[in-house]
Amino acid sequence: MNIDIDDILAELDRDTTAVERESSSYDDVGNKTVGGNGVSQLGDVEKQYSVQSSKSERISDFQKLVTQWRNERMSPELLPYPHELMTRTLHRIQERVELIETLSMGYLEDDRESTVDSKLPLLCMEAELERLKFLVRSFIRCRLSKIDKYSIYLRQQSELPENPYYGRLDLLMSEEEVKYHMKHSEILLKLFNNSILKHLPEELQAVNDTEGSISMVDEPNWHKTVFILVCGGVIDETGTDSKLTTDEDGKPCYSVIIEDLNEEIYLLIGAVYVIRYSVIKDLMNEGRVILI
Amino acid sequence: MSLPKNLQVGFSPQEIQFLIENEPIRIMPRITTRKTKKQQSTDLGSQWSLLTCDDTAVNNMVVMNSCEVTIWLALLLKQQGKCNIIVPSWLTLQQLDKYLEYELKNTSRFSNLPWNWLVLSTLLFSRCSDDFKDPVHLLRSKIQDLREVRLGKVNKGLQYLNESHLQLENLSLMEINEMRPYACGIMDKLRTIHDASNDTS
């Protein structure tokens, strides 16, 4: 007779890791909060993270940032800015720069026993800092280029009252990005006005005309083809993944429907697909698939 | 614009390498960083503390005891002559032969090489060619063979591009990135044509 004791063993395992779990339970859904509390919390977050953050949290933050970067690079639209994640990351970069400076000052003082060995950690820390900085820079630059491209569209959306993301530009973008968006479109408008638009008849002077033969507002190409990796593993409030179904072979997968073609597709966990963005947009925002 | 044109359609090969350098690999350290209790109290400055990856492994290195670190760190240590990299088990002549055999036998499928095989093998060949047990030039030619067989299959697979979707199995990140601009462009155009024909009918 075989007695299955897997669940008992799992329970024992849980006890030893309980502490670690608790400290890393800080979830990064701040960018999804609708309404006023999203931004006002930022100040508190900064205070909270001046205290030393735990190791597992730092690592998972880095992984989240990598995922955010990949999604941002490949998605056609501007994704919501991960406010809390970026605050934490920027804070850590700052701390790290200071730490490296202090450490290297210490090395200057007692150079009699500083061998190559003792400089190795410093070398690695610097290399790591450069890698992290590259990631942040590339992420921001990518966002800026999208803000350039969709500036009229973003402005239009922010004037619609009912849209939760676009209604609040400060939820979609960081403070500096909002500033950039406003100033840049202003400068561009001035250039167009002075050079060409003022010579045109009055009814042709608008830069956001959608009535004419071609719409002047550049909207993201919602149906752009993207490559995705289905990662799954998101556990929601029901305790399991409620969107998960099984296909004919009994493998776990998500089912999505392409409306134009009336076609149902099963996305197997762990597989790579080439698919249009509009279909998997929601799954991506929930972290169930990532763009690659 | 703030992002160069060539980076807007996909990742550059260097960025793919960057992503893959964040994955773990096993090394044989040639230095000891594990401290006895007494040492720990005297010098705290030369402790490693890393932001993006687990630093317990590098703080507990003992000479010739294998441990797992991220690839970029392993390459850095290797450059300084402080470690030997343990070559992953799929990167041996025997294993590669098996993969190649599979590739040749199944003309419609890709073998399940790890998803970083192309980048990792190139990196390891150039940066730690002395750590391989098998002769590197033979491994290199095997990798080249694999690459060519797979490229042929990718080209053949392009005829199945359609307006709805495509499932790819066992393609590596680098191979995906290479076919991305072409495949996305074609599928976008096919979709536009399809949509337009639906609108008029």
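Reply: Two packed helices are described by the angle between their axes and the distance between the axes. In this predicted model, helix H7 (residues 151–159) of chain A and helix H9 (residues 175–195) of chain A have axes that come within 10 Å and cross at roughly 115°. The crossing of H7(A) with H9(A) is left-handed.

Me: Which residues of H7(A) and H9(A) meet?

Reply: From H7(A) come Ser151(A), Leu154(A) and Arg155(A), and they meet His181(A), Met182(A) and Ser185(A) of H9(A).

Me: What is found in the loop between helix H8 (169–172) and H9 of chain A?

Reply: Ser174(A) is found in that loop. With 7% relative accessibility, Ser174(A) counts as buried, because buried means under 20%. Leaving out residues up to four places away in sequence, Ser174(A) touches Tyr81(A) and His83(A).

Me: Let us turn to the strands. Which strands form the open sheet, and in what order?

Reply: Strands of a sheet pair through backbone hydrogen bonds, either parallel or antiparallel. Here four strands form an open sheet in the order S6(A)-S1(A)-S5(A)-S4(B), and the pairing is antiparallel. Strand S6 (289–291) of chain A and strand S4 (165–168) of chain B stand at the edges with a single partner strand each, so one side of each has no neighbour in the sheet. On average, neighbouring strands are turned by 30° against each other, direction ignored.

Me: How many bridges join S5(A) to S4(B)?

Reply: Strand S5 (residues 272–276) of chain A is joined to S4(B) by four bridges, and the two run antiparallel. Within this pair, Tyr273(A) stands opposite Gln167(B).

Me: Which helices pack on the sheet or lie across its strands?

Reply: Helix H4 (residues 55–74) of chain A packs on the sheet, where it touches strand S1 (225–230) and S6 of chain A. The direction of H4(A) makes about 60° with that of S6(A). Helix H10 (residues 277–285) of chain A lies across S1, S5 and S6 of chain A and runs at about 120° to S5(A).

Me: How is S1(A) paired with S5(A) and with S6(A)?

Reply: S1(A) pairs with S5(A) in the antiparallel sense over five bridges, and Phe227(A) stands opposite Val274(A) in S5(A). Three bridges join S1(A) to S6(A), also antiparallel; there Leu229(A) stands opposite Ile290(A).

Me: Why is S1(A) described as largely enclosed by the rest of the structure?

Reply: Six of the six residues of S1(A) are buried, so the strand is largely enclosed by the rest of the structure. Both of its faces are covered: Thr225(A), Phe227(A) and Leu229(A) are buried on one side, and Val226(A), Ile228(A) and Val230(A) are buried on the other.

Me: Which residues have the most contacts inside the largest nonpolar core?

Reply: That core has 107 residues, and those with the most contacts inside it are Phe227(A), Ile228(A), Leu267(A), Ile280(A) and Ile27(B). Helix H6 (residues 116–149) of chain A gives the most to this core, with nine residues. Setting aside neighbours within four places in sequence, Phe227(A) has contacts that include Tyr273(A), Ile292(A), Leu168(B), Ile176(B) and Met179(B). Another core, of ten residues, lies apart from the largest one; among its members are Ile147(A), Leu154(A), Met173(A) and Val217(A).

Me: How are S3(A) and S4(A) paired?

Reply: Strand S3 (residues 252–258) and strand S4 (residues 263–268) of chain A pair in the antiparallel sense over six bridges. Ile257(A) has Glu264(A) as its bridge partner in S4(A). Their hairpin has four residues between the strands, and Asn262(A) takes a positive phi near 55° there.

Me: Is Arg73(A) buried or exposed?

Reply: Arg73(A), which lies in helix H4 of chain A, counts as buried at 4% relative accessibility. Apart from residues up to four places away in sequence, Arg73(A) touches residues including Ser138(A), Cys142(A), Leu3(B), Phe11(B) and Glu15(B).

Me: Finally, what does the secondary structure of chain A come to?

Reply: Chain A has ten helices and six strands. Of its 292 residues, 39% are buried.

Terms used:
Residues are numbered from 1 along each chain as its sequence is written. Chains are lettered from A and ligands numbered from 1 in the order in which they are written. This is a predicted model: local features need pLDDT of at least 70, side-chain atom pairs count only at pLDDT 80 or more; totals for chains, interfaces and linings use all residues. Side-chain values use heavy atoms; hydrogens and water are left out. Two strands pair if DSSP finds at least two bridges between them. Axes are lines fitted to C-alpha atoms, for helices over the stretch in contact, and angles run from 0 to 180 degrees between N-to-C directions. Contact means heavy atoms within 4.5 Å. A nonpolar core is a set of buried Ala, Val, Leu, Ile, Met, Phe, Trp, Tyr and Cys residues joined through side-chain atoms within 4.5 Å. Buried means under 20% relative accessible area, exposed over 50%, partly exposed in between (1.4 Å probe, protein chains only). A crossing is left-handed if the near helix is turned anticlockwise from the far one by less than a right angle, and right-handed if clockwise.
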